[in-house]
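Here is a short briefing on a predicted model. Keep the structure open as you read.

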Number of protein chains: 2
Amino acid sequence: MNLGDWTELFQGTRSLPRSVRDRLLAAARTLKYPTGRVVFGPDNVPDSLLFLVDGTIRVSQTSESGRDIVLYRVEAGESCVLTTACMLAEEAYNAEGLAETDVVAVVLPRSDFDRLVAEEPAFRTFVFAAYSRRLIDLLRVIDDVAFGRIDVRLAQCLLALAKDAREILTTHQQLATELGTAREVISRVLQDFQKRGLIAQSRGRVALIDRAKLQALAVS
Amino acid sequence: MNLGDWTELFQGTRSLPRSVRDRLLAAARTLKYPTGRVVFGPDNVPDSLLFLVDGTIRVSQTSESGRDIVLYRVEAGESCVLTTACMLAEEAYNAEGLAETDVVAVVLPRSDFDRLVAEEPAFRTFVFAAYSRRLIDLLRVIDDVAFGRIDVRLAQCLLALAKDAREILTTHQQLATELGTAREVISRVLQDFQKRGLIAQSRGRVALIDRAKLQALAVS
DNA sequence: CGCCCATTGTGACAATATCACTGAACGCCA
DNA sequence: TGGCGTTCAGTGATATTGTCACAATGGGCG
């Protein structure tokens, strides 16, 4: 597959001078990851910046006790700065990025990254904005986990995962990981939702029946 | 008060060329905040980078329901990048920085910040490292809030707040804010600690009696 | 068909959060 | 110095969420 001019896809590269973009096209490598593949993790810290051309990467954290929580998702057109962060901080962390769909990414080596940050204000702005967005995502997660009700959070989660689709293919355990809680909790809340006619479920599947009520629950 | 050459105090400025440092000394302003003063907040977003010369800034987040949680502290020798982050992301957030002691800070205007990031690799590294450290701090908070036991977290918190001191001057409510929980919860756990001989307390004061046991609890 | 195993259901119990109070300590000021 | 108001701490009842142990169910596949 030929990507064509991927520099057209990103805020941070679109407005660069033609000469710089040509240099980028030459310097960067394209990578593909199949669904379910670990893109980065504690043992696998890439020393480069990742641009996501297509697909979704789910970034989650695993606690000592083995429980997971989803931190955020990197979508096409965004870059994944967490790896860079951890690389620079040289501290232990246990976040992991998983290809949630088939993923096409462009990898920019550290040296080129450095040079771009130094020389191109537009790129610099892009990188800082990417950091900032993640910081704010994490603030949101903290707020939810510390102060949010589980039913409200689950309603939000279902709506977000479904997007426009009528149903979601997922297990209770996966939903529990989204919210950083236990499977049993999800099972009970989903049963409650079902009794109230908000959803229908069968093995590995949740159908959104009454979006309006879910929405109402999600904002409360 | 004359700060002298504050560029000596920071990783990111210490190794800069003399000429650049002189320019910094000329460009930056020194600010002081008394204890308890709000350094930044939702209505008060500075468009500059803050270098903390002396004191401590406590950064916390307030939920819609009015409950607080402490995210991290900025100590002398560090810079506060969250404000920069929020400025760049142009998104709503509700973090606030409070001077926990009297604070002396150097404020570097946006334009000088930009130029330094562009021209000085050492400064660039410093800034990215600062971002990274905060990201990792937040990951830690998420892990604690989502998966940590409250007694363990409180033990950690007490040890961290006390440092070398034998006692801490703080209310149960303040401790609750540290951990993002309710005052009653702290009251009960502290009573339990007291019964077990780990601490002694009186109004507005917690004395660490058995550090070894607290430490043991903190790591579990 | 029957077996395996991932998934889901369930009850009991523990931990934490919430609510509505009461009581205690302190600072202030007459 | 004694009252008085305010902040701080203690407490019981109840709701929510998390943990544990195990049972039941459904689907895929040999």
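A:A118 is the residue of chain A that comes closest to the rotation axis, with its C-alpha at 2.1 Å. The same surface serves both copies: 100% of the contact residues of chain A recur in chain B. The model is predicted, and every value below is computed from it.

**Symmetry of the two chains**

- Two copies of a chain are related by a rotation about an axis and a shift along it.
- Here a rotation of 180 degrees, with 0.0 Å of shift along its axis, superposes chain A on chain B. The RMSD of that superposition is 0.1 Å.
- This is therefore the relation of a two-fold axis.

**The contact between chains A and B**

- Chain A gives 33 residues to the contact, and chain B gives 33 residues.
- Three helices of chain A each supply at least two residues of the side that touches chain B: helix 3 (82-89), helix 4 (110-119) and helix 5 (121-147).
- Helix 5 of chain A provides the largest share of that side, 17 residues.
- Sorted by class, the side of chain A that touches chain B has 22 nonpolar, five polar and six charged residues.

**Chain A overall**

- Chain A has nine helices and eleven strands.
- Its C-alpha atoms fill a box of roughly 60 × 35 × 30 Å, taken along the principal axes.
- Chain A has 220 residues, and 38% of them count as buried.
- Take the contacts in chain A between residues at least 6 apart in sequence: 66% of these join residues at least 24 apart.

**Helix 7 against helix 8 in chain A**

- Helix 7 (residues 172-179) and helix 8 (residues 183-195) of chain A pack with their axes 8 Å apart, at an angle of about 105 degrees.
- An angle of 65 to 115 degrees counts as roughly perpendicular, so helix 7 of chain A is roughly perpendicular to helix 8 of chain A.
- Helix 7 of chain A brings A:H172, A:Q173, A:L175 and A:A176 to the contact. Helix 8 of chain A brings A:R183, A:V185, A:I186, A:S187 and A:L190.
- By class, the residues of this contact divide into five nonpolar, three polar and one charged.

**Helix 6 against helix 9 in chain B**

- Helix 6 (residues 150-162) and helix 9 (residues 211-219) of chain B pack at an angle of about 130 degrees, and their axes are 8 Å apart.
- Helix 6 of chain B and helix 9 of chain B are therefore oblique to each other.
- Their crossing in chain B is left-handed.
- From helix 6 of chain B, the residues that meet helix 9 are B:D151, B:V152, B:A155, B:Q156, B:L158 and B:L159. Their partners in helix 9 of chain B are B:L214, B:Q215, B:L217 and B:A218.
- This contact in chain B has seven nonpolar, two polar and one charged residues.

- Most residues other than glycine have a negative phi.
- A:K163 has a positive phi of about 50 degrees, although it is not a glycine.
- A:K163 is found in the loop between helix 6 (150-162) and strand 9 (167-168) of chain A.
- A:K163 counts as exposed because it has 7 C-beta neighbours inside 10 Å.
- B:K163 also has a positive phi, near 55 degrees, in a residue other than glycine.
- The loop between helix 6 and strand 9 (167-168) of chain B holds B:K163.
- B:K163 has 7 C-beta neighbours inside 10 Å, so B:K163 counts as exposed.

**Two further loop residues**

- A:S15 is found in the loop between helix 1 (11-14) and helix 2 (18-27) of chain A.
- A:S15 has 15 C-beta neighbours inside 10 Å and therefore counts as partly exposed.
- A:S15 and A:E120 are 105 residues apart in sequence, yet their C-alpha atoms are 9.7 Å apart in space.
- B:T101 is found in the loop between strand 7 (95-99) and strand 8 (103-109) of chain B.
- B:T101 is partly exposed, with 15 other C-beta atoms within 10 Å.
- Leaving aside neighbours within four places in sequence, B:T101 is in contact with B:T35, B:G55 and B:T56.
- B:T101 and B:G4 are 97 residues apart along the chain, and their C-alpha atoms are separated by 21 Å.

Terms used
Residues numbered from 1 in each chain as written. Chains lettered and ligands numbered in written order. Predicted model: local features only at pLDDT ≥ 70, side-chain atom pairs only at ≥ 80, totals over all residues. Least-squares fit on C-alpha atoms with pLDDT ≥ 70 in both. Contact = placed C-beta atoms within 7 Å. Helix = DSSP H or I, 4+ residues; strand = E, 2+ residues; numbered from the N terminus. Buried ≥ 20, exposed ≤ 12 C-beta atoms within 10 Å, placed from the backbone. Nonpolar A, V, L, I, M, F, W, Y, C, P; charged D, E, K, R; others polar. Axes fitted to C-alpha atoms, helices over the stretch in contact; angles between N-to-C directions. Parallel < 35°, antiparallel > 145°, perpendicular 65-115°, else oblique. Left-handed = near helix turned anticlockwise from the far one by under 90°.
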